[in-house]
Amino acid sequence: MTNRTINIGLLGFGMAGRVFHAPIVSAVDGLKLSKIKATRSESIALARVLYPDAAVVTDTSSVLEDPEIDMVIVATANDTHFELAKAALQAGKHVVVEKPFTVTSSEASELIELAKSQGRLLTVYQNRRWDSDFRTVKKLLENKLLGRLVEYEAHFDRFRPIPASSTWKEEDLPGTGILYDLGAHLIDQALVLFGTPQQVYADLRTQRSGGKITDSFDLTLYYASGLKAILKAGMLVRQPGPRFMLSGDKGSFVKHGLDVQEAALKAGFAPSGADWGLEPEEIWGKLDTELNGQQLIGKIKSEPGDYRGFYENVRDAVLGIAELEVKPEQALNTIRIIELAMQSSQEGKAMAFD
């Protein structure tokens, strides 16, 4: 049973499917990318070149109705995630949904209950848990190198002053905007580290000229311990600040630079070799802390990042030999916080997490 190949159907071959799913799936033993559904002529042609062993189809039913397909990846526009994931579960498939899970928490809850009734795995592609920098932060906290943490700040800064044309991501549609996009990653990481908060406060803005979507957010999660988790992202940050800043009663950690995997995947490289996901020393984080009465200051070597870890875990969970790491209930909490953040920004006050 544990040696069985899991056949996968990929719905969508835009950036998510082409960059973040197909190359990772193809690099994981025990998974086979069997079918790719694409609609644009350029995407169809590229899929056939890059994955000649996969059947490229133009209709969703060709994937969902294929008895040989064990798992479906939903890598389509955000407002289609719910319906496509629901159809895939009803067809008896295991399902991986690209983040954000759904547009609303009620949709997420419905999918979770459907997956349980169907006896199928359901998860969300929160691949940033396998980022080099995040894994380093997680290890520091697990080893209590900062003492009692009082403030955590994480950024996703970009400089894209002109909204892209001809993309659903820049249209005022359900589930679009930077909070659903980059916010889903930052919120998930905070939930992994600290659990659900007591309160959510947010300031959401459209800062770019001609912009139709939320392109900047400042989101704060408040915890019973007194910890404040600050999550920020924007499209008008030409000189990005630190990626992570953590402060505790023993010391601080500051980390600049992004995990290198996204750039490598966009450049057409696939995960391989011992140096995959290794950050260069110039972007290692700096630790200033106290240990046994001695002040320690210096760079901390980043942990290796590897998005294959997500799909290796999914494979093992399907085969019944591992617990699923990205549980759909966690992804539901992320969507709930997004909803509360929007409400908080509209009403100008902190919202209790329910």
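## Packing of α5 against α10

In this predicted model, helices α5 (residues 105–118) and α10 (residues 328–347) pack at an angle of about 170 degrees. Angles over 145 degrees count as roughly antiparallel, and the two helices are therefore roughly antiparallel to each other. Their axes lie 9 Å apart.

On the α5 side, the contact is formed by Ser 105, Ala 108, Ser 109, Ile 112 and Lys 116. These residues meet Pro 328, Glu 329, Leu 332, Ile 335, Arg 336 and Glu 339 of α10. Sorted by class, the contact of α5 with α10 comprises 5 nonpolar, 2 polar and 4 charged residues. An α-helix has 3.6 residues a turn, so residues three or four places apart point the same way.

## The nine-stranded sheet

An open sheet of 9 strands shows mixed pairing, in the order β14-β13-β12-β11-β7-β10-β9-β8-β15. The edge positions are taken by β14 (294–300) and β15 (351–352); each has a single partner strand, so one side of each is left without a neighbour in the sheet.

Within this sheet, β9 (residues 216–222) and β10 (residues 228–234) run antiparallel and are joined by 7 bridges. Leu 219 has Leu 231 of β10 as its bridge partner.

## Helices packed on the sheet

Helix α7 (residues 178–194) packs on the sheet, where it touches β7, β8 (199–205), β9, β10 and β11. The direction of α7 makes about 155 degrees with that of β7.

Helix α6 (residues 132–142) lies across β7 (149–157), β11 (244–248), β12 (252–255) and β14.

## Arg 158 in the loop between β7 and α7

Arg 158 is located in the loop that lies between β7 and α7. Is this residue buried or exposed? Its relative accessibility is 16%; since the cut-off for burial is under 20%, Arg 158 counts as buried.

Leaving aside neighbours within four places in sequence, Arg 158 is in contact with Asp 181, Leu 182, Gly 234, Met 235, Leu 236, Val 237 and Glu 262.

## The covered helix α9

Helix α9 (residues 308–318) is mostly covered, with 10 of its 11 residues buried. Among the buried residues are Arg 308, Phe 310, Tyr 311, Arg 315 and Asp 316.

Which elements do the buried residues of α9 pack against? They pack against the strands β1 (6–11), β2 (31–37), β4 (71–74), β5 (94–98) and β6 (122–125), and against α1 (15–26). Gly 320, which follows α9, has a positive phi, near 80 degrees.

Note on methods:
Residues numbered from 1 in each chain as written. Predicted model: local features only at pLDDT ≥ 70, side-chain atom pairs only at ≥ 80, totals over all residues. Heavy atoms only, no water. Pairing = 2+ DSSP bridges. Helix = DSSP H or I, 4+ residues; strand = E, 2+ residues; numbered from the N terminus. Contact = heavy atoms within 4.5 Å. Axes fitted to C-alpha atoms, helices over the stretch in contact; angles between N-to-C directions. Buried < 20%, exposed > 50% of the residue type's maximum accessible area, 1.4 Å probe, protein only. Parallel < 35°, antiparallel > 145°, perpendicular 65-115°, else oblique. Nonpolar A, V, L, I, M, F, W, Y, C, P; charged D, E, K, R; others polar.
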